[in-house]
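Let us go through this structure by way of a few questions, with each answer worked out step by step.

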Amino acid sequence: MSKKPGRRLLGQNRMLWLLDALERDPGRDQLIDALGARVRALPLGRVRDVLHGTWLGHPVHPMAIHLPIGTWMSAAVLDLKPGRSRQADLLVALGLTGAVPAAVSGLVDWAELRREQQRVGLVHAAANTAAVGLYGASLVLRLTGRGGKGRVLGYLGLTAVGAGGLLGGHLAYRQAAGVNHAEEVPHVVRDGWHRVGGVDDFPAGEPVRCVVDDVLVLVVRETGGEVHALAERCSHLAGPLSEGTVADGCVRCPWHGSVFRLSDGWNVEGPATAPQPAFDTRVVDGHVEVRLPGDGVPDTVDGRATAGATPGTDGGRTS
């Protein structure tokens, strides 16, 4: 008798099934809302952007976790050899010290994630908190002459770190938390100028969403007539910048508040750590055209293509 194909027979392993179920489980949403609100309300000022990693170009948290993980792994190796207790104790203490900035940077990032990401991130944080607690108890035991029990707790802590790392990998590589959501734009838009609408289609100071080669583009015409164009989906979590606010030469994402400079896409404020891809713009015969900078295609004169150039007409304004 043939068996009815099940979820596992179709190729989905149980670990991924459990992680997917964790993403969909709303049981901890009330806690997530309360904790997220508290983190966002912390009076961190510019330190918040430092913790996000706007100065680094990517999140600080993945870099910060190397110290506690590295020292605790090294302590575990030394614990296997006799006569190395003092060095292992020092490494455990150093890892506990390094866990503080790693946890703080991760918490600040977590508060600005999507709900499904926050659900996984909460368990990720719980596993790492358990690891810190186990290593803290391990250090106390080590310093009070109970090194054997301290080593056991150290290995349990390392197991918790491994579980937290698995969840962190799921967040980064399966759920795309912390990655640049605008990275593909320069690889999708074709070279050359692309017409996106007439000048009158872009009211001064208002963000307008257009489409170029299936890529959403934000176009803003300033009161003085200068036109700016950026990738429309926020690099942080693909928020719609065309629904954001424009002020002081910048646009603010309506989802998490990232601020980008219209002239070049630079991320002035986080949580975004990557700038927005910016387009060159021009007005030809009353129409706005955009292109990727440095695309290698010769310019045009008076709206007519010079050798090798192809005027773009495949773009369009969206409602």
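Q: In which helix is the place of valine 50?
A: The model considered here is a predicted one. Within this model, valine 50 has its place in a helix that covers residues 47-52, and that element is helix 3.

Q: Is valine 50 buried, partly exposed or exposed?
A: The relative accessible area of valine 50 is 45%. Buried would require under 20% and exposed would require over 50%. Since 45% lies in between, valine 50 counts as partly exposed.

Q: Which residue forms a salt bridge with arginine 142?
A: The partner of arginine 142, which itself lies in helix 7, is found in helix 6, 53 residues apart from it in the chain. Both residues of the pair are buried. The closest N and O atoms are 3.3 Å apart, and the partner is aspartate 89.

Q: Is glutamate 289 buried or exposed?
A: Glutamate 289 forms a salt bridge with arginine 195, with the closest N and O atoms 3.1 Å apart. Glutamate 289 lies in strand 10 and arginine 195 in strand 1, so the pair ties together parts that are 94 residues apart in sequence. Arginine 195 is partly exposed at 26% relative accessibility. Because its own relative accessibility is 2%, glutamate 289 counts as buried.

Conventions. Residues are numbered from 1 along each chain as its sequence is written. This is a predicted model: local features need pLDDT of at least 70, side-chain atom pairs count only at pLDDT 80 or more; totals for chains, interfaces and linings use all residues. Side-chain values use heavy atoms; hydrogens and water are left out. Helices (H or I, at least four residues) and strands (E, at least two) are DSSP runs, numbered from the N terminus. Buried means under 20% relative accessible area, exposed over 50%, partly exposed in between (1.4 Å probe, protein chains only). A salt bridge is a side-chain nitrogen of Lys or Arg within 4 Å of a carboxyl oxygen of Asp or Glu.
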